[in-house]
There are 2 protein chains.
Amino acid sequence: MDLDLRKLRYFIAVAEELHFARAAERLHIAQPALSRQIRSLEDDLGVEVFDRDRRGTRLTPAGHQLLEDGRLLLASSQALQRRARNAAHDVAVLTVGFMPGITLTAATTAFAARHPDVQVRLLRTDWTNQVEVIQDGRADVSIVRLPVETEGLSLRPLFNEPRVALLPVRHPLAQRASLRIQDLADDQLLQDPQAVPEWRQAPHPPTTAAAPFEPVHQVEEKLELVASGAGFCVLPLSTATFYTRADVAVRPVEGLAANEVALAWTAARRSPLIAGFAEAAAATLGQGPSQTPTVSV
Amino acid sequence: MDLDLRKLRYFIAVAEELHFARAAERLHIAQPALSRQIRSLEDDLGVEVFDRDRRGTRLTPAGHQLLEDGRLLLASSQALQRRARNAAHDVAVLTVGFMPGITLTAATTAFAARHPDVQVRLLRTDWTNQVEVIQDGRADVSIVRLPVETEGLSLRPLFNEPRVALLPVRHPLAQRASLRIQDLADDQLLQDPQAVPEWRQAPHPPTTAAAPFEPVHQVEEKLELVASGAGFCVLPLSTATFYTRADVAVRPVEGLAANEVALAWTAARRSPLIAGFAEAAAATLGQGPSQTPTVSV
DNA sequence: TAAAAATACTCCATAGGTATTTTAT
DNA sequence: ATAAAATACCTATGGAGTATTTTTA
């Protein structure tokens, strides 16, 4: 009758590991218990979610579909619990996620002027969780840097800002006043390549394919790696200037698209506080007229 | 740890009945079991969701929040199950909900031409479930008549059509070639007043307040009631002309906004089939250029 | 006193654990 | 033979039932 979210959580672990014993370890339960719960889930659904035959475990089409919807449903259930708990407090709270380098004082003060009874909390995010925090309810709105995985989100564009490259000061290219993204094709990119699609177009150094680099997501870590000569990274200008280091050079790059900053929130929610913050953010951080319609992508 | 959807379902029943014994009856369980489960839910959340004091049961702020999110989460869990089951079938299926009177042959044939491998199923909806069928996964897309409760939906406007009044042929106003909505202020509206906001502006007959009429949602039922002299209703022109009866008069009404028809789907989903159908529907049913951005409201 | 929810108790379904078997390479 | 998942069997938690008590207008 009712879906069992525990089983769904177990399923997602197995789907990600594609290995029952490892998934069981991750879940802190014994492997037989996990096998039984997955079978039970399959019974509940009336559908097999894994092909367990010779050489390993793979998702069936139904399993793929379940994984796609399941992550979001689990996050939604977390969000529901958080919101119910928060609603029990005496003061209304609006939690705003934001990516490093973004100054949102103007937006929060404008919002506070209109909603003096609401307490604004801030939550610093990074590239990996700037959307997650909305989906699982840790934040009500999030100031994100595009591109983002936009399923289920409403977005309101705020502004653009140029992006720059951060190199070790001793790097040969650090002497040049300006450079093109192609010049960096032989260097190691220290972040999610998805965030710098222009770099993907360029030919890759053999090291990338041979030793896939685990991208780091905290700005401070990136800077540390850049300074140590491990490679380079691309950041929005405001972020790069906010975290200043003598051993890291900041250089403008031709052919690098500007970074778009937008306000995001769960499309499934209609809250006056969210609407109010969106207005405040658009009025203070946004450029141009606030006529821009809210676009769901 | 994991939210128990059974408890959530129980909670919603109690929140709607505001009475444990009646809710228990509706759920086909005993009242003590329900009391215990609600207590257990409150323990899980760490928050009280009902005020149970003298004279009755009421929602706390946390309860209100939980009800708001809970309905959608339950529907999402149903949708997830349906989609996983459907994904196990050999042929891909796209289910299209539609309100009566809408002819969607053009859209489905255009879609079928592009996606010959996809089986299109149709699901007739009514005023009460045109959005529900998307949220709980019975349909992938739904051709809806605005206004709709738009939380979590993506909408793509398709076309407008005028609305007309349906009266008993013997009604005095049925003789007039045309009438205004104010002329009907003393008659009983046989449908959800939300669907005809213009009528709400007019003064109401005393009977409305005294004996609130239970609106009916199926077109055939409305026509039956109109013919019997119980009142009048307002329908889009195409619907009114599709269901023709000799004992019911169709009259244009001044001051009645046109009915907007739109394609709706879950904002949280990104599916090529949905995108394909949206294109087909906009190209065949839509008026004007298909540049119209998808707007989440 | 009456109505509504909570408590006491019993029973059973099921999650989880350990030990072991089956299956496919 | 080995690795991976399934099965057997046991224990304990917790959900549901009936009967009863508590609470408050």
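A crossing of two helices is left-handed if the near helix is turned anticlockwise from the far one by less than a right angle. The views below come from a predicted model.

**View 1. Helices α1 and α3 of chain A cross in a left-handed sense.** Helix α1 of chain A spans residues 5-17, and helix α3 of chain A spans residues 31-45. Their axes come within 9 Å and cross at roughly 110 degrees. Angles of 65 to 115 degrees count as roughly perpendicular, and α1(A) and α3(A) are therefore roughly perpendicular to each other.

**View 2. Residues at the α1(A)-α3(A) crossing, which is left-handed.** From α1(A), the contact takes A:Lys7, A:Tyr10, A:Phe11 and A:Val14. From α3(A), the contact takes A:Leu34, A:Gln37, A:Ile38, A:Ser40 and A:Leu41. Six of the contact residues are nonpolar, two are polar and one is charged.

**View 3. Helices α1 and α2 of chain B pack with their axes 8 Å apart.** Here α1 covers residues 5-17 of chain B and α2 covers residues 20-27 of chain B. The packing angle is about 130 degrees. The two helices, α1(B) and α2(B), are therefore oblique to each other. The crossing of α1(B) past α2(B) is right-handed.

**View 4. Residues joining α1(B) to α2(B).** On α1(B), the contact is made by B:Tyr10, B:Ala13, B:Val14 and B:Glu17. On α2(B), the contact is made by B:Phe20, B:Arg22, B:Ala23, B:Arg26 and B:Leu27. By class, the contact has six nonpolar residues, three charged residues and no polar ones.

**View 5. The surface near DNA strand C.** There are 19 residues around DNA strand C. Those that come nearest are A:Ala30, A:Arg54, B:Phe20, B:Pro32 and B:Ser35. At least two residues of this surface come from each of α3 of chain A, α2 of chain B and α3 of chain B. The surface near DNA strand C divides into seven nonpolar, six polar and six charged residues.

**View 6. The surface near DNA strand D.** DNA strand D is surrounded by 18 residues. The closest are A:Phe20, A:Pro32, A:Ser35, B:Ala30 and B:Arg54. Helices α2 and α3 of chain A and helix α3 of chain B each supply at least two residues of this surface. Near DNA strand D, seven residues are nonpolar, six are polar and five are charged.

Note on methods
Residues numbered from 1 in each chain as written. Chains lettered and ligands numbered in written order. Predicted model: local features only at pLDDT ≥ 70, side-chain atom pairs only at ≥ 80, totals over all residues. Axes fitted to C-alpha atoms, helices over the stretch in contact; angles between N-to-C directions. Helix = DSSP H or I, 4+ residues; strand = E, 2+ residues; numbered from the N terminus. Parallel < 35°, antiparallel > 145°, perpendicular 65-115°, else oblique. Contact = placed C-beta atoms within 7 Å. Nonpolar A, V, L, I, M, F, W, Y, C, P; charged D, E, K, R; others polar. Near = placed C-beta within 6 Å.
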